[in-house]
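Please open the model in a viewer and keep the sequence at hand.

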Amino acid sequence: MAAAAVVLHPRDLAGCEHRLALDQSHPDLVRARPDTPEAQRRKDAAADHRAGVRDMVRGLHSDQPPGTVVLVDPTSDHATRVAATMAACAAEAAWIWNATLPTDLDHGRRGHAELLIRDRSGYVPVIVVNHRVSYRAKPGNGGNGGNGGSTLTSPVWTWAPRPDASRNARNQRRDQLRLAQLTAMLLDLGLTPSDDPADLKGGVIGIDADCIVVFEMAALLDDYAESFERRMAIARQTIPTAPRRIGECRSCPWWPRCGPELEERRDVSLVVGGNQSIALGEIGITTIDQLAHFRGDPPPDWPGNIRFDDAVLNAIAWLTDIPLIRRLGEPQVDRADVEVDVDMESYGEHGAYLWGTLLTDNADPSREVRYRAFATWEPLPTRDEGRSFAEFWGWLTAEREAAHAAGKTFAAYCYSQQAENRWLLGSAQRFAGDDGVPPRTEIEEFIASDEWVDIYEAVGRNFICPNGKGLKRVAPVAGFTWRDAEASGEASMDWYRDAVGLGGATPDPAQRQRLLEYNEDDVRATKVLREWIDGPAKDEVPHADTVLEFRDR
């Protein structure tokens with residue numbers, strides 16, 4: 001019996017090559033494999049976003065003649081969806097939602113586009129994704145994105161690409177490869193507006209759904225052709241692959257197979273990043289033991305996101321089961337008379353529903369260390385988010401000003417300020433003019449001040465963290481334990497859905513309380529960690545020089 005033809009979906013063109021090889025060599029296991037809760041959560045969120053964009057597209061064209069927007073039924077089988085798509089193309093429908101193209105067995109590819117938009121005598125593929133695809137351009141940079149010049153955008157109600165100096169495109173290779181495969185398939189079907197690749201474009205609608213970010217396809221098609229050729233060879237088992245730990249291993253269903261294999265051979269990728277393991281392999285270092293005992297110069301093309309000496313120490317820590325290594329003789333962290341630990345909870349890209357705080361007045365021991373939360377339990381997005389943010393900011397500002405008035409020093413702490421800063425600035429911008437919402441400049445001044453302290457950065461300055469720098473990795477070393485064994489950012493997404501009753505369910509007060517306790521534990525963990533850095537850490541964590549003595553054993 002002849003082997004089935006290899007057919008690649010756009011998702012097969014990026015990410016781990018070994019996963020592609022395993023998927024292709026064990027198709028029965030792939031079909032029978034259930035989604036992890038995290039994967040199902042991402043799929044549900046993406047489906048909700050696509051449904052929102054679909055309804056927006058229909059609404060924008062509700063006053064147009066019937067047939068302007070054709071919706072292909074997503075519940076029908078593949079052959080029926082293909083037939084409906086081809087019929088809509090033949091009828092020259094202006095917008096085709098959930099367009100499914102015929103599987104190309106000759107070239108080995110398949111694909112579907114959330115939208116095909118009529119342009120001249122053909123169609124442009126537009127995909128809808130649940131992540132951000134552009135960001136506001138900084139003043140004076142001309143809006144130059146990463147696609148060879150000014151970023152192109154089109155309004156969501158029509159196809160009219162033009163330079164947009166207000167935005168920079170965020171280039172996601174997975175998105176670009178998907179657009180390229182769809183464009184290649186449309187070319188072969190004779191459905192593109194032009195036969196000249198230099199005249200072809202594609203688009204992406206992101207989480208904000210406020211524009212279509214447009215890409216010129218010529219250069220992307222060249223990159224796609226090279227990637228497709230290599231991935232097809234991997235799928236056909238003519239290019240061998242081997243496991244190597246990379247970022248996506250955290251959620252990969254093949255990890256229970258690959259992880260033990262890597263541990264058995266003590267693979268160096270277990271203690272360094274994917275690019276670093278490649279650089280090490282080029283100078284003959286493939287195992288943790290080799291790296292731990294290495295005394296030479298770093299590889300000439302060593303990636304700069306981790307110091308080479310830290311990589312050696314990570315290897316030693318793995319062999320000796322050391323959770324943290326001290327960089328400095330005396331760990332240092334900024335302290336103040338009045339200290340406020342802050343932690344924010346958001347729901348995907350929809351908004352920040354909870355700002356939790358823990359106030360400690362070191363100058364007044366009689367003042368209670370108190371957790372206080374500022375939340376909205378209306379489902380996001382909601383204007384009530386602006387109300388809860390304004391109350392948080394008003395309280396924080398009042399405590400800060402009171403400390404200054406009393407001659408006390410003040411500091412607010414977070415763990416990894418990138419998320420907090422994003423929603424601080426974004427909330428000030430989205431709810432500008434609402435009662436109590438500060439101007440963006442006020443937020444910017446606070447973020448830039450010495451009174452906003454990132455403990456994540458302090459951990460990086462003071463320690464090498466073989467197991468990662470996440471709060472739930474580091475705080476237990478300082479003696480902190482979360483009350484909820486299932487506490488995690490991913491789990492909190494499910495808790496939030498139940499807490500506010502997304503999908504028409506009845507809101508669950510128990511899940512609201514669970515979220516509050518999770519948030520409170522996060523701010524308490526930050527407090528415990530920074531106080532530990534300023535105290536017992538010096539005696540409890542070995543110094544790097546001591547750890548390096550392992551090489552002399």
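A residue is called buried when its relative accessible area is under 20%, exposed when that area is over 50%, and partly exposed in between, with a 1.4 Å probe and protein chains only. This is a predicted model, in which local features need pLDDT of at least 70 and side-chain atom pairs count only at pLDDT 80 or more, while totals for chains, interfaces and linings use all residues. Residues are numbered from 1 along each chain as its sequence is written, and side-chain values use heavy atoms, with hydrogens and water left out.

**First stop: two loop residues**

Select D321, in the loop between α10 (308–320) and β11 (325–326). Helices (H or I, at least four residues) and strands (E, at least two) are DSSP runs, numbered from the N terminus. D321 has a positive phi of about 60° although it is not a glycine. With a relative accessible area of 69%, D321 is exposed.

S416 is not a glycine either, yet its phi is positive, at about 75°. Its relative accessibility of 26% places S416 in the partly exposed class.

**Second stop: a cis peptide bond**

Select L380 and P381, which are joined by a cis peptide bond with an omega of about -5°. P381 is found in the loop between β14 and α11 (384–405).

Strands of a sheet pair through backbone hydrogen bonds, either parallel or antiparallel. Here two strands are taken to pair if DSSP finds at least two bridges between them.

Within this sheet, select β12 (residues 338–346) and β13 (residues 352–361), an antiparallel pair with nine bridges. Which residue of β13 is the bridge partner of E345? The partner is L354.

Select α1 (residues 17–25) together with α6 (residues 217–235); they pack at an angle of about 45°, with their axes 8 Å apart. Axes are lines fitted to C-alpha atoms, for helices over the stretch in contact, and angles run from 0 to 180 degrees between N-to-C directions. Angles under 35 degrees count as roughly parallel, over 145 as roughly antiparallel, 65 to 115 as roughly perpendicular and the rest as oblique; α1 and α6 are therefore oblique to each other. Show E17, L20, A21 and Q24 of α1 with R230, R231, I234 and A235 of α6, which make the contact (heavy atoms within 4.5 Å).

Now colour the buried residues of α1, namely H18, L20, A21, L22 and D23. Their cover includes α2 (27–32), α6 and α7 (255–264).

**Last stop: helices α16 and α17**

Finally, select α16 (residues 489–500) and α17 (residues 509–533), whose axes come within 8 Å and cross at roughly 145°. On the α16 side, G489, S492, W495, Y496, D498 and A499 meet Q511, R512, R514, L515 and Y518 in α17.
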